[in-house]
Amino acid sequence: MIVLLMLTALLPAGAQVIDHVDPPSWFTGMKDGSLQLMVHGKEIGSYAVTTDYPGIEVKTMVRTENPNYLFVYLDITGKALPGTATLTFTRGKQKITHEYQLFERPGGPARGFNSSDVIYLLMPDRFANGSTSNDNVEGMTEQLNRANPGGRHGGDLKGITDNLDYLHSLGVTGIWLNPFLENNQHHSSYHGYSTTDFYKSDPRYGSNEEFRNLVAEAHKRGMKVVMDMIFNHIGSFHWWMKDLPSNDWIHQFDEFTRTNYRASTYMDPYASEKDKMLMEKGWFDITMPDLNQSNPLVETYLIQTSLWWIAFSDLDGIRMDTYPYPQPDMMARWAKRVEEEFPGFFIVGEVWYDDPSHASYWALNKVNPDGYRSNLPSLTDLPLCFATHRAFEGKLNPTDAMSRLYNLLSQDFLYPEPFRNVIFLDNHDMTRFFTQTGSSLDIYKMGLAFIMTTRGIPQLYYGTEIIMEGDKSKGDGRLRDDFPGGWPGDGKSVFTGTGLTDPEKDALDYTRLILNWRKTKDVIHTGKLKHYIPADGIYVYFRYSNDESVMVVLNNNEKESRTIHGENYAESIEGFKEGTDIISGRKIEDLGSFTIAPKTAMIIELK
Ligand code: CA
């Protein structure tokens, strides 16, 4: 008896044995009260768990071939109240306790995203350094090195929170952060796509609580937050890699085996089994072990991470990285589970294809020949992004160039709900639109006018508003340059307007004007789209509803003005006499005939 007491006294909170319990906490009031706990600690698999917390029932325990893991299945019933549950782990006469927190899940429906939104994508390491005290953190391998484009530059969550007013005044309604979870990798950890702990913000960005505060501050301003998640892979320095929960936790090969990145193998009727296998199971990179989502323990673990972050931070959306790379049926079950728990919650999946035929396979409510349904609320419209590059990069004659946009949109019948697509000119993985299209302010303005008025949910990559350059051939780090003004001592600041060149100021004013106009324009949010075959270097389309109509004209000719003849668009102009170009403020007295300058966009509100 004395021995037992001493043992109990020696192991008061289980800290000596248990080093991880994931999820670290959970929530009362969930529609589905089942919970899988992953417990990691020396020989924890030989213990059994009990709790006498009211409303919690231990359903079952699952063990793998690794004795250092125990999977505990709890049922958190409707009777469970927020509080601290004591979990007691028993092995013979040995007892360990672990205090487990239950919080109340946030109430209210999910805020969601739709075409009324504009999402600002930013990379936390590169936007603003709100606190230099976290630039170097003990225990983190990679330390600050701003001189290295692929190194850590010191940006953080506080930097984002401190500058929400800037983003609000820019006219965006949501922000999507590239991943901020712990990436304790030896190099290139700044981009965040090599998770080393699913439940912990990287301390160089700040704490979980700081992220929750960022979301709360965004909500105060009427803005929403999208979190970037990666289910396909982890970082090679994830703590699992030192002691894998099971051999089949990740896909393992005799030697390093890379994915073929050929995401068309899923819908290709002629794809070989070998190619399909490599697509799903090959590693994305040598530092990114590929998770086996076909293992139900992995599946539940991943699904719970998303539910935890939604409930913990009152999140508004998830952007799922490399969406076609994990096991597709598991991903469909995941999207369904999120929708059931948080109806209306927004998820956008990154599907990287040139063609809508491939991309639309993953679209919500798409009827695929093989019966696959992704349940994915939204997807990244890369085909449209590539079409904007081809339309504006100056390699085609002006009419063929505009036809790229027209032809791409003509394939929207492939998407049951194309207005859900997230659309963009560029993102963190490609040459910036401004650079791609010849560093012309005029072309930037046309591209932005297009992406903000066509169908879909626009996403704007940070720095676009001041026409930042970024060339992929110089390395990915250079696509993610520091945002001017985000660092103490920056001579140039977008936040204050200090030191900006005239073209940068011009681009910023233009972006602000269009975004803030768009914000209040119902016809752009919910109106229909009608477009006309490009001719003579001109592309004309209308966004219209019963109440309103907006005419967008793009003149892609290099040097020549053009006269627009209203009779060519009679079915859209009928009933309207005049209009105002919201960009120039110019009043169009006669819609029957008016001119447009070369390389110019007009967004005309019809009256
Ligand atoms: Ca910092």
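I began with the domains and found that the C-alpha centres of domain 2 and domain 3 lie 30 Å apart. Their contact (heavy atoms within 4.5 Å) takes 24 residues from domain 2 and 25 residues from domain 3. The chain is divided into domain 1 (6–104), domain 2 (119–231 + 311–520) and domain 3 (527–606), with bounds that come from an automatic or database domain assignment.

I note for the record that this is a predicted model, in which local features need pLDDT of at least 70 and side-chain atom pairs count only at pLDDT 80 or more, while totals for chains, interfaces and linings use all residues. Residues are numbered from 1 along each chain as its sequence is written, and side-chain values use heavy atoms, with hydrogens and water left out.

Asn129 and Asp156 both lie in the loop between helix H2 (124–127) and helix H3 (157–162), so the pair ties together parts that are 27 residues apart in sequence. Asn129 is buried at 7% relative accessibility, and Asp156 is buried at 0%; buried means under 20% relative accessible area, exposed over 50%, and partly exposed in between (1.4 Å probe, protein chains only).

**Sheet in the order S2-S8-S7-S4**

I then traced an open sheet of four strands with the order S2-S8-S7-S4 and mixed pairing, where two strands pair if DSSP finds at least two bridges between them. Strand S2 (25–28) and strand S4 (48–50) stand at the edges with a single partner strand each, so one side of each has no neighbour in the sheet. The twist from one strand to the next averages 35°, taken between axes fitted to C-alpha atoms, on a scale from 0 to 180 degrees between N-to-C directions. S4 pairs with strand S7 (residues 83–91) in the antiparallel sense over three bridges, and Val49 stands opposite Phe89 in S7.

Which parts cover the buried residues of H10? I found that they include helix H9 (356–359), helix H11 (398–409), strand S17 (422–424), helix H12 (433–436), helix H13 (441–453) and strand S21 (549–555). Ten of the eleven residues of H10 (residues 382–392) are buried, so this helix is largely enclosed by the rest of the structure; among them are Cys385, His389 and Phe392.

In helix H14 (residues 502–519) I looked at Pro503, which is partly exposed at 39% relative accessible area. Leaving aside neighbours within four places in sequence, Pro503 is in contact with Leu441 and Ile467, and the C-alpha atoms of Pro503 and Ile467 are separated by 8.2 Å, although these residues are 36 apart along the chain.

**Strand S22**

Last, I checked strand S22 (residues 562–565), where Arg562 and Ile564 form a covered face and Thr563 and His565 an uncovered one. S22 pairs with strand S25 (residues 593–596) in the antiparallel sense over four bridges, and His565 stands opposite Ser593 in S25.

Conventions: Helix = DSSP H or I, 4+ residues; strand = E, 2+ residues; numbered from the N terminus.
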